[in-house]
Amino acid sequence: MRKRVLALFLTTVLTASILTGCGNSVAAEPTAGGTDSTAAATEAKPAEASTEKQTDGKNIPELTTEPLTITLWDISTDEPNRGISEAAVQRFMADYPNITVNQVHQQNDNYKQQLVVAMSSGQCPDIYVHWGGGPMAEYYKSGHACDITDMYARYDHPEYVDAAVAQSTYDGKMLAIPFSGLTGCDIFYNKTIFAELGIEVPTTIDELEAVCEKLKENEIIPFALANASKWTGSMYYMYLVARHSGNDEFNAAYTQENGGSFTSPAFIYAGEKIQDWVKKGYFPNGVNSLTADDGQDKALLYDGSAAMMLHGSWQTSGLKADNEEWYNENIGVFRFPEDSEAKAAGVPQNVEIGTAIGMGMTFNCFNDDGSVDQEKLDACFVLATQYFNDDIYNEAQMATGTVPSIKGFNENIEDPNNKYIIDEFFKASNVQLWYDQYLPASVTEVHKDCMTELFGLEKTPMEIGEEQDAAMQKALAE
């Protein structure tokens with residue numbers, strides 16, 4: 001089972017350009033954002049053994065005293081997340097000096113591709129991080145993810161929020177340990193510009209369009225968007241679909257059952273709205289050539305060229321780090337406005353876009369015969385639940401603006417914008433995981449390419465819907 005090749009799933013992924021990352025919550029977006037262009041590999045050296053372990057008194061597996069090596073892949077190439085991650089590994093090895101953790105920091109842009117190559121060649125790491133969704137299900141079905149349902153029920157672990165547990169589960173099986181944090185997505189706006197022009201925060205899409213017209217009259221670009229990364233444009237598409245249909249039409253399109261399709265009314269509405277906004281100049285010229293990784297969207301906010309930016313909550317720490325005084329004086333946040341007509345028809349308007357786990361850690365601990373290597377799995381479970389989620393790790397995460405996926409941490413947020421986003425997150429009827437993380441990997445690439453075609457006015461909403469349907473049907477057939 002474990003050695004079964006990922007069939008056409010692998011083939012299609014290997015030939016695709018891989019996601020630059022939505023939600024680099026682990027490495028500043030959420031990620032998305034992006035990380036170093038060069039992969040960094042570090043083999044952490046065990047610190048001196050301490051007389052007491054921080055896991056003393058905990059109900060955890062009894063770990064082996066024999067020499068053991070674990071290979072861990074993550075995407076924490078940038079500070080401060082690299083240092084936070086490596087410190088967690090060092091604390092673990094100080095308590096268990098017989099266990100060596102070979103920690104490899106992979107570059108975010110090509111991470112999915114590198115992971116799939118490793119799986120197909122029998123070199124999958126013992127622990128690897130991912131964003132959940134469709135790819136996590138594929139990793140499990142291909143035999144590269146341990147079912148930790150029983151361990152999770154038996155041993156101590158943080159009390160994760162329900163949504164994080166749900167996003168770590170597939171087919172009733174717990175497959176990952178959350179380790180990054182909650183990430184919402186809302187509209188950042190320049191409060192100073194709004195005040196100077198007498199603009200009120202919009203609560204409906206009609207009001208949002210009126211705001212955009214007012215900004216255009218004053219030669220200000222409404223939205224700072226850098227869509228070369230493609231997932232950035234997808235956020236607008238996702239929210240418009242969600243406001244027009246809740247989650248019903250996306251869920252139906254994902255299964256392609258009962259008439260489900262990416263050409264259903266909500267998707268056509270979203271595509272037409274975006275192309276109308278492009279034609280009206282609500283986005284920067286050359287929007288598909290601007291890159292979020294280089295901060296070209298934020299730059300439009302900083303110089304006053306643009307007034308709004310739909311983005312993930314990781315931007316609270318990113319904007320603040322660039323210029324805290326300017327950030328505090330000028331930046332506010334509001335949720336994506338409601339679709340009045342859909343609301344009148346009974347469509348829920350409190351779906352939020354984001355993730356409840358940020359990223360998850362999954363364990364690939366198998367012997368050559370396909371049986372579980374329990375000693376290694378026990379060690380991986382303890383590392384993920386007790387060191388990547390201990391007080392030191394969580395406090396460091398909070399300092400960067402990332403809210404751990406653990407109950408109670410949302411009450412300790414100091415930044416008012418981040419608090420607003422996370423509060424809206426907890427009010428949501430549902431949290432829709434980013435399409436580029438939820439969809440199967442082969443469909444993800446098609447979806448992102450469709451965002452280029454949509455914002456570039458290269459194809460109609462119907463045409464990109466048909467492209468996504470074809471990709472989804474192929475993935476389901478495989």
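Start by selecting Phe194: leaving aside residues up to four places away in sequence, Phe194 touches Tyr189, Ile199, Glu200, Val201, Pro202, Val211, Ala307, Met308 and Phe334. Contact here means heavy atoms within 4.5 Å. Before going further, note that this is a predicted model, where local features need pLDDT of at least 70 and side-chain atom pairs count only at pLDDT 80 or more, while totals for chains, interfaces and linings use all residues. Residues are numbered from 1 along each chain as its sequence is written, and side-chain values use heavy atoms, with hydrogens and water left out.

Stay with Phe194 for a moment. Phe194 sits in helix α7 (residues 191-196); helices (H or I, at least four residues) and strands (E, at least two) are DSSP runs, numbered from the N terminus. With 2% relative accessibility, Phe194 is buried. The cut-offs are under 20% relative accessible area for buried, over 50% for exposed and partly exposed in between (1.4 Å probe, protein chains only).

Now colour by pLDDT, the predictor's confidence in each residue, from 0 to 100. The chain averages 88, and 89% of the residues score at least 70. Over residues 1-42, however, pLDDT is below 50, although this stretch has 151 contacts in the model beyond near neighbours in sequence. Where pLDDT is low, the predicted coordinates should not be read in detail.

Next, show α10 (residues 248-255) and α11 (residues 265-279). How do these helices pack? Their axes are 8 Å apart, at an angle of about 110 degrees. Axes are lines fitted to C-alpha atoms, for helices over the stretch in contact, and angles run from 0 to 180 degrees between N-to-C directions. α10 and α11 are therefore roughly perpendicular, a term for 65 to 115 degrees (under 35 is roughly parallel, over 145 roughly antiparallel, the rest oblique). Glu249, Phe250 and Ala253 of α10 meet Pro265, Ala266 and Phe267 of α11.

Time for the rings. Phe, Tyr and Trp (its six-membered ring) pair if their centres lie within 6.5 Å; planes under 30 degrees apart are stacked, over 60 edge-to-face and the rest tilted. By this rule there are 30 aromatic pairs. Select Phe223 and Trp277: the centres are 5.9 Å apart and the planes at 25 degrees, so this pair is stacked. Phe223 lies in strand β11 (residues 221-223) and Trp277 in helix α11, so the pair ties together parts 54 residues apart in sequence. Both Phe223 and Trp277 are buried.

Then pick Phe250 and Tyr438, an edge-to-face pair at 5.7 Å centre to centre and 65 degrees between the planes. Phe250 is in α10 and Tyr438 in helix α19 (residues 435-438), so the pair ties together parts 188 residues apart in sequence. Buried or exposed? Phe250 is buried, at 1% relative accessible area, whereas Tyr438 is partly exposed at 28%.

Finish with the backbone. The peptide bond from Glu79 to Pro80 is cis, with omega near 10 degrees, and Pro80 is in the loop between β4 (68-74) and α2 (81-95). Glu219, not a glycine, has a positive phi near 60 degrees; Glu219 is exposed, at 77% relative accessible area.
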